[in-house]
Amino acid sequence: MVTALVILSILFWIGTLIVVPIVVVRLPADYLTNEESASLRHRIPPAWLYPYLIVKNIFGVVFILAGLAMLVLPGQGILTLALGLALINFPGKHRLIQRILGQRRVLSAINRLRARAKKPPLEKPPTPA
């Protein structure tokens, strides 16, 4: 059992080292400031909408659990958590992502990744009133 958890942890660590930077680089520069959802929901045929939402939310929960584990294990815990939160559907999601990714250290790490990929930095989200 412990061996399986160690192997799973290593796989998630390697996977997030690959997936998280790709997602961060592909985000539009106004992701944190744009209130409109750039969802795929409008481009998915109605018959596939619910299977899509179920799979997307399952992946989101998996990334959230992996991110929580990476807060104490090696890996990009906060970025993985943010990716998981971005995948699941719940009210207030955009505000929570703005709050997490808008932290000075997190935003500067994201913008360093984006600079290496020659992408414009993410715009700083508005401060809550």
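Is Leu113 buried or exposed at 19% relative accessibility? Leu113 counts as buried, at 19%. Here buried means under 20% relative accessible area, exposed means over 50%, and partly exposed is in between, with a 1.4 Å probe and protein chains only.

A word on the source. This is a predicted model, where local features need pLDDT of at least 70, side-chain atom pairs count only at pLDDT 80 or more, and totals for chains, interfaces and linings use all residues. Residues are numbered from 1 along each chain as its sequence is written, and side-chain values use heavy atoms, with hydrogens and water left out.

Back to Leu113. Its place is in helix α5. Helices, by the way, are DSSP runs of H or I with at least four residues, strands are runs of E with at least two, and numbering goes from the N terminus. Leu113 touches Pro21, Val24 and Val25, leaving aside residues up to four places away in sequence. Contact means heavy atoms within 4.5 Å. Asp30 is another matter. Leu113 and Asp30 are 83 residues apart along the chain, and their C-alpha atoms are separated by 16 Å.

Stay in α5 for a moment. Asn111 is buried, with a relative accessible area of 18%. Its contacts are Pro121 and Leu122, again not counting residues up to four places away in sequence.

Now the two ends of that region. Gln103 sits in the loop between α4 and α5. Gln103 is partly exposed, at 41% relative accessible area. From Gln103 to Ala117 is 14 residues in sequence and 21 Å in space, C-alpha to C-alpha. Then comes Lys118, in the segment after α5, which covers 104-116. Lys118 counts as exposed, at 76% relative accessibility. Look at its backbone: phi of Lys118 is near 60°, a positive value in a residue other than glycine.

Next, helix α2. How far apart are the end C-alpha atoms of α2? They are 36 Å apart, and that agrees with the 36 Å that 25 residues, 46-70, should span at 1.5 Å a residue. The expected span is 1.5 Å times one less than the number of residues. The buried residues of α2 are Leu53, Lys56, Gly60, Phe63, Ile64, Ala66, Gly67 and Met70. Look at the spacing in that list with this in mind. An α-helix has 3.6 residues a turn, so residues three or four places apart point the same way. What covers the buried residues of α2 includes α1 (2-26), α3 (77-87) and α4 (93-101).

Take α1 against α2. The two pack at an angle of about 110°, with their axes 11 Å apart. Axes are lines fitted to C-alpha atoms, for helices over the stretch in contact, and angles run from 0 to 180 degrees between N-to-C directions. So α1 and α2 are roughly perpendicular to each other. The cut-offs: under 35 degrees is roughly parallel, over 145 roughly antiparallel, 65 to 115 roughly perpendicular, and the rest oblique.

Which residues meet there? From α1, Phe12, Trp13, Thr16 and Val19; from α2, Val62, Phe63, Ala66 and Met70. By class, that contact has 7 nonpolar, 1 polar and no charged residues. Ala, Val, Leu, Ile, Met, Phe, Trp, Tyr, Cys and Pro count as nonpolar, Asp, Glu, Lys and Arg as charged, and the others, Gly among them, as polar.

One more residue in α1: Ile14. Ile14 counts as partly exposed, at 41% relative accessibility. Ile14 and Pro51 are 37 residues apart in sequence and 27 Å apart in space, C-alpha to C-alpha.

On to α3. Why call α3 largely enclosed by the rest of the structure? Because 8 of its 11 residues are buried. They are Gly77, Leu79, Thr80, Leu81, Ala82, Leu83, Gly84 and Leu85. The cover over them includes α1, α2, α4 and α5.

Last stop, α4. Gln98 lies in that helix. Gln98 is buried, at 10% relative accessible area. A polar atom of the Gln98 side chain lies 2.4 Å from the backbone oxygen of Leu32.

Technical notes. Polar contact = N/O pair within 3.5 Å; in protein donor to acceptor, adjacent residues only side chain to side chain.
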